[in-house]
Amino acid sequence: MDYVISGIQQVGIGVPDVDRAWAWYRCYFGMDVPVFREAAPAPLMTRYTDGVVQQRDAALVLNLQGGGGMEIWQYTSRTPQPPAFSPALGDLGLLAARIKSRDVGRMHAWLATQQLPGLGPLHVDPSGRPHFFVRDPYSNLFQVVPSATWFSKTKHLSGGPTGCLIGVRDINRALSLYAGVLGYDRVLYDERGVFKDLSVLPGGDRTVRRVLLGHYAEREGPFSRLLGPTQLELVQALDGTPPPRPLFGDRLWGDLGFIHLCYDVQGMDALRARCEQAGFPFTVDSANSFDMGEAAGRFSYIEDPDGTLIEFVETHKVPILKKRGWYLDVRKRNPRKPLPNWMLKALGLNRV
């Protein structure tokens with residue numbers, strides 16, 4: 001079997017307090033459906049934790065309107081560290097998570113009534129689509145963007161993550177991974193200059209190249225209808241000062257910020273072979289099924305050309321109705337076929 005990418009499963013977010021962070025994401029982004037919550041060691045990630053097995057508390061949460069989830073991640077064995085510098089446009093890594101919205105203007109107006117200190121102005125991107133940036137209480141940057149693709153409907157104006165803004169040294173080199181392996185083969189724009197809609201960001205006065213990527217083919221797989229189509233925007237500084245800095249260059253995976261971008265996949269062995277062929281070998285591989293208490297699967301990691309961590313998860317088991325012990329074994333189904341809508345909507349019975 002060839003590999004199947006169903007979409008962005010989640011964006012990993014390192015925070016100092018899981019419960020407070022989740023309360024904020026529930027309120028403002030509607031991330032109110034838990035998939036798992038587990039406090040445990042992370043023995044397979046020692047490559048990125050200085051060779052020491054660290055303890056952590058993590059929760060994976062969803063918005064059933066559609067989009068990916070958030071893996072809210074907190075160290076419990078050490079104090080999570082911020083970067084030694086203020087991240088800016090031109091730096092390397094996951095600069096912002098893109099959040100889908102039914103109505104960007106209305107959502108911006110509503111957030112303005114909440115008097116959030118991290119809310120930026122409403123702008124349009126080079127394609128003319130409205131968007132805005134907002135920061136959570138931990139300075140993590142989110143970009144709210146429009147979407148016409150939804151799985152279900154609630155009263156909230158937003159769905160979940162639908163992509164990322166990623167800083168890279170060389171867009172052409174990065175495309176070998178993001179287009180060649182991950183399937184982002186559609187260029188929605190490719191522009192160079194100083195951009196008004198990025199001026200609100202630190203470093204927003206820099207001359208950059210920015211490329212917005214989508215995908216022509218509709219995603220397949222068990223969770224593809226829920227996760228939906230996604231877009232990535234790659235940003236490369238074209239001036240040399242200051243030089244680009246890796247956001248996690250001097251820190252551990254799991255420290256404060258966006259720690260990884262995770263894709264839900266089927267056919268992990270085929271994906272491993274494709275990544276090796278493209279020059280992006282797995283750096284971590286759980287090999288068999290790992291257990292997160294309420295969910296199970298196989299996970300792996302690669303690094304993009306600048307060291308940004310991309311995670312792949314092949315889901316084996318997912319809780320549908322935890323109170324009654326109803327779990328779905330994904331391995332018994334056609335890996336390309338989406339799960340029935342009613343089955344995914346049943347996750348909402350666990351809503352907080």
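Helices are taken here as DSSP runs of H or I spanning at least four residues, numbered from the N terminus. In this predicted model, helix α1 covers residues 18-29, and just after α1 Gly-30 adopts a positive phi of about 65°. The helix itself comprises twelve residues and extends 15 Å from its first C-alpha to its last, close to the 16 Å expected at 1.5 Å a residue. At the N-terminal end, α1 is capped by Asp-17, a side-chain oxygen of which lies 3.1 Å from the backbone nitrogen of Asp-19. Within α1, the residues Val-18, Ala-21, Trp-22, Trp-24, Tyr-25, Tyr-28 and Phe-29 are buried. These residues lie on the same side of α1, because the arc they cover around the axis is only 160°. An α-helix has 3.6 residues a turn, so residues three or four places apart point the same way.

Eight strands form an open sheet with mixed pairing, in the order β6-β7-β8-β5-β9-β12-β11-β10. Strand β7, residues 130-135, pairs with strand β8, residues 141-146, in the antiparallel sense over four bridges, and Val-134 stands opposite Phe-142 in β8.

Helix α2 (residues 104-113) lies across β5 (93-101), β7, β8 and β9 (158-167), and runs at about 30° to β7. Helix α3 (residues 171-178) packs on the sheet, where it touches β9, β11 (208-214) and β12 (231-237), with its direction making about 155° with that of β12.

Key. Residues numbered from 1 in each chain as written. Predicted model: local features only at pLDDT ≥ 70, side-chain atom pairs only at ≥ 80, totals over all residues. Heavy atoms only, no water. Pairing = 2+ DSSP bridges. Helix = DSSP H or I, 4+ residues; strand = E, 2+ residues; numbered from the N terminus. Contact = heavy atoms within 4.5 Å. Axes fitted to C-alpha atoms, helices over the stretch in contact; angles between N-to-C directions. Expected span 1.5 Å × (residues − 1). Buried < 20%, exposed > 50% of the residue type's maximum accessible area, 1.4 Å probe, protein only. Arc of directions from axis to C-beta. Polar contact = N/O pair within 3.5 Å; in protein donor to acceptor, adjacent residues only side chain to side chain.
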